[in-house]
Amino acid sequence: MENIQIVADRTEEILKEKDVQMAYFTVSSSEMREFNVEGGEFSLFRTLYDSDLNITVYKDQKKGVVTINRLEEPAIREAVENGLKSAESGIADPDHGIAPKQEKKVFRQGVYEPDIERFFARSQELMEDVKEQFPKILIHSIVLSHTKYHSVYRNTNGTEFETYSGAYSVSLGFAGHEGEQTTSLCGSEFKTESLEKPFISLGSLKKDLEDAQAQLGPVSLSGKLDGVLILTPQCLSELLYGVISNFVSDHAVLEKTSIWMDKLGKKVADERLTISAAPLDERILCGQRYTQEGFLAENYDVIKNGVLQSFMLSLYVANKTGFERAKNTSYAIVIEGGDMSYEEMIRNVKSGMIVGGFSGGQPSVNGDFSGVAKNGFLIEDGNIKGAVTEVMISGNLSELLNHLVGISKETVADGDKVLPYMAFTDVVIAGK
Amino acid sequence: MLGDFISEKRQLFSAGMHTELRAQENRQRKVTLAAGNLTTNSRTETAGVSARVYKNGVYGFSSMAECSGQAAETVLKAATENAVFMDGHIGKGKGNLPAISSGNVLLNKEITDAGQKSYIEFARELDSYIVKKYPKLSSRTISVMADSMEKRIVTSDGYSGHIALPRGHVYLFLNTETDAGIPVDLFCAAAGGFGNFEDHFTDPAFFYPKIDELYEKLMHKREGVYAEAGQKTVVLGGFLSGMLAHEAVGHTVEADIVLGGSVAGPALNKRVASDLVTMVDYAHTTPFGPAPLPVLLDDEGTPAEDAVLIKDGILTGYMNSRETAEHFGMKPQGNARAWSFSDEPLIRMRNTTVLPGKDKLEDMIASVEDGYYLTDAGNGQADLTGEFMFGTTMGYEIKHGKLGRAILDTTISGVAFEMLKTVDMVSDSVTWSSSGFCGKKQIMPVGMGGPALRCQVMVGGR
């Protein structure tokens with residue numbers, strides 16, 4: 001594998017030689033080790049050696065992007081030339097730009113060198129723990145990996161950021177299974193930098209396994225249910241993605257399809273709700289440290305106490321629309337815990353449902369959503385009455401945020417985001 | 001063209017261990033014009049070599065982002081060591097995989113490369129047509145995309161080959177607003193398919209009728225109403241029944257999913273659909289012509305052949321890798337495919353379709369007293385239980401056998417093996433699509449198709 005500092009020097013020289021005035025690039029090398037479990041048995045051990053060079057060049061305010069994974073000099077030269085040709089074919093746009101020069105930084109995140117023997121031992125222990133503690137769980141797949149990542153970012157304003165990062169990542173797919181009866185496929189995943197604790201105790205895995213087992217023997221719901229919907233952190237994450245994509249993302253603002261276009265500084269959600277994009281939060285593992293344009297990442301609030309504080313915009317769309325750019329461009333969403341326990345939240349529900357996952361169409365541009373409520377449990381008079389299947393939920397994402405019932409004290413931190421349980425009204429819950 | 005630096009490395013394969021060595025290059029070209037702004041103008045090329053080695057029931061795999069004989073030797077060594085590591089720790093004690101026939105598959109399609117300028121100019125032509133003809137749209141997005149896989153495969157005991165799968169598509173997104181100012185959108189993969197840029201994108205005017213059709217539907221949707229929630233009689237258009245074939249049935253009969261507890265496990269050789277339903281995963285050629293995305297050879301060295309999944313309503317088979325085929329006592333049919341050089345082969349669909357019947361679409365619509373005709377969908381998912389959902393983006397009410405008002409976005413769902421038993425009319429022509437990626441650890445281009453089906457599904461609504 002090539003030394004990536006040498007590749008970065010080479011790339012920079014070629015950009016200078018071609019008289020490129022504005023550009024940024026990232027050179028990276030990575031080593032991934034991955035164990036796979038299929039059908040409940042270890043099946044595969046992978047070792048991947050990868051490299052990558054992503055170059056964005058501008059010529060006369062026209063942009064071209066090229067990505068290659070060959071790092072020898074002729075390949076880099078060809079990539080720069082292709083990038084320039086692409087740019088020349090493009091459309092001049094005064095709103096393209098990159099960050100002014102930033103101080104050189106080296107970031108070291110997570111665990112760079114893996115302990116493979118110990119990682120594998122923890123993986124085997126996880127298999128045994130699931131088998132012993134959750135006898136009605138059928139493991140569909142587990143992917144356990146460690147990726148060691150080294151990158152160098154430079155831009156033509158003289159900024160250089162170097163990153164060394166690594167994390168263990170665990171992702172499970174499983175179902176409750178008894179005889180010929182199978183529940184929905186459930187998932188649970190988390191990242192960690194430590195092998196000190198058994199994997200079964202991390203993220204929300206134990207709770208997710210318990211819930212999957214409890215899904216056996218579900219009943220169907222007849223007609224519509226007028227009540228409260230409690231979303232697990234996993235399900236909440238899926239719906240929040242719709243909120244971000246439809247209301248605050250680059251494309252929604254650039255194309256002016258966001259229904260929050262004129263809501264900056266105004267109330268868009270219940271005042272108890274604060275949504276932050278916080279890659280520097282200590283619970284986020286290997287979070288973003290700089291944006292592609294070369295700005296250092298900072299945490300910021302998208303919504304604070306129900307008021308829209310910021311769109312999640314790149315520099316380009318910010319320049320294009322006159323809004324401020326986002327202080328980071330990650331999806332490291334953090335919602336802090338609220339004032340009631342998850343148990344209290346359930347106890348307060350006269351009629352409603354807990355939803356563990358959402359399988360639905362992309363929400364409409366106006367925020368309307370509908371889909372199948374997965375891994376659901378009915379609640380009656382403050383008690384969980386059992387698993388329920390074939391239920392559809394529908395509503396509007398913007399309205400949902402204004403019909404908040406409560407936020408749980410408990411949060412789940414999976415390394416990528418931190419989310420609580422949240423309860424809402426004003427959602428149609430419909431059975432057969 | 002990807003050079004051959006791996007054939008001579010066959011001599012380094014370890015005796016008694018099934019070994020695959022694969023060199024691969026993927027290319028992607030993407031141009032997006034959003035509201036007239038060129039927001040994406042990118043070219044990606046990744047290439048490398050990988051090896052996978054099977055030892056006593058476990059695999060070792062390794063890849064390197066380098067196309068050289070030395071890299072091939074490195075990954076062979078690392079994959080073998082990984083297989084030995086796993087065998088040493090797990091010790092399943094299985095023998096080698098059953099042998100399959102051997103041979104060689106020759107390159108089926110040469111990949112050519114159009115410059116980025118061609119993509120941009122094509123997108124700009126379409127954009128200007130939309131702006132001139134439909135100035136009242138609130139926004140529009142045009143994406144012209146192409147991707148390709150080129151592979152050289154050498155195996156210890158199967159076929160070797162040099163194969164390519166290039167494709168390109170145009171995606172159109174149109175936005176408008178209702179009189180009340182509520183945004184409404186609609187998109188479609190306008191055209192394209194297997195082949196290089198010049199095979200599909202020579203004349204922008206060819207796409208103009210697709211734009212006009214999309215605009216007309218959007219105007220219907222602008223006046224649309226919410227669907228009524230509940231169990232309904234619907235006519236699923238061909239695009240949706242193709243999605244049904246892929247998502248709701250196809251995934252549940254992938255043998256690795258069966259081993260993970262899919263509902264198809266206990267359903268083999270049992271009735272899972274009405275006798276009007278036959279479903280096949282075609283390899284490269286269908287009774288109606290070439291498959292949308294032909295697959296001649298998979299990445300385990302198995303020559304591709306059709307997999308009949310449902311025959312006259314009876315579940316007759318699964319899609320397999322060589323390992324799962326041995327487990328289930330079935331024949332591997334070339335379904336084990338990998339997206340990138342650094343990916344291991346997984347069981348994937350190729351061109352999955354419900355076969356056409358004898359009914360005319362207009363008769364099917366006329367036969368529905370109160371229901372929906374659903375024509376377009378955005379995404380779909382299915383579950384081990386066969387419970388599926390599709391996000392439908394376009395459809396119409398059917399009242400007393402006649403099409404009525406358009407409906408807004410909604411979701412339909414059902415349990416595949418129950419819903420398929422309600423199919424009582426099947427149209428006489430198949431609608432194919434090949435623009436999507438299937439997601440299953442890795443992405444993979446797949447073809448899917450189907451005729452219109454009259455059936456019962458759950459409709460999400462207000």
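Residues are numbered from 1 along each chain as its sequence is written, and chains are lettered from A and ligands numbered from 1 in the order in which they are written. In this predicted model, local features need pLDDT of at least 70, side-chain atom pairs count only at pLDDT 80 or more, and totals for chains, interfaces and linings use all residues, while side-chain values use heavy atoms, with hydrogens and water left out.

Two packed helices are described by the angle between their axes and the distance between the axes. Axes are lines fitted to C-alpha atoms, for helices over the stretch in contact, and angles run from 0 to 180 degrees between N-to-C directions. Helices (H or I, at least four residues) and strands (E, at least two) are DSSP runs, numbered from the N terminus.

Within chain A, helix α1 (residues 4-17) packs against helix α2 (residues 73-88) at an angle of about 45 degrees, their axes lying 10 Å apart. α1(A) is therefore oblique to α2(A); angles under 35 degrees count as roughly parallel, over 145 as roughly antiparallel, 65 to 115 as roughly perpendicular and the rest as oblique. The crossing of these two helices is right-handed, a term used if the near helix is turned clockwise from the far one by less than a right angle, and left-handed if anticlockwise. In the contact (heavy atoms within 4.5 Å), α1(A) contributes A:Val7, A:Arg10, A:Thr11, A:Ile14, A:Leu15 and A:Glu17, and α2(A) contributes A:Glu73, A:Ile76, A:Arg77 and A:Val80. By class, these are five nonpolar, one polar and four charged residues, where Ala, Val, Leu, Ile, Met, Phe, Trp, Tyr, Cys and Pro count as nonpolar, Asp, Glu, Lys and Arg as charged, and the others, Gly among them, as polar.

In chain B, helices α2 (residues 116-133) and α4 (residues 208-222) pack at an angle of about 45 degrees, with axes 11 Å apart. α2(B) is therefore oblique to α4(B). B:Glu125, B:Leu126, B:Tyr129, B:Ile130 and B:Lys133 of α2(B) form the contact with B:Tyr208, B:Ile211 and B:Asp212 of α4(B). This contact has five nonpolar, no polar and three charged residues.

Between the chains, the axes of helix α3 (residues 116-133) of chain A and helix α1 (residues 69-90) of chain B come within 13 Å and cross at roughly 45 degrees. α3(A) and α1(B) are therefore oblique to each other, and their crossing is right-handed. Here A:Glu117, A:Phe120 and A:Gln124 of α3(A) meet B:Phe85, B:Met86, B:His89 and B:Ile90 of α1(B).

Grid points are joined across faces, edges and corners, and a volume is the space filled by probe spheres set on the points. The second largest pocket holds about 670 Å³. Of its 25 lining residues, A:Thr26, A:Tyr149, A:Ser151, A:Gln288 and A:Tyr290 lie nearest its centre. The lining of this pocket comprises seven nonpolar, 14 polar and four charged residues.

Six cavities of 30 Å³ or more are found in the whole structure. The largest cavity has a volume of about 180 Å³ and is lined by 15 residues, with A:Glu38, B:Arg52, B:Tyr59, B:Glu323 and B:Pro345 nearest its centre.

Terms used: 1 Å grid on protein atoms, 1.4 Å probe; cavity = no way out; pocket = protein on both sides within 12 Å on 5 of 7 lines; lining within 4 Å.
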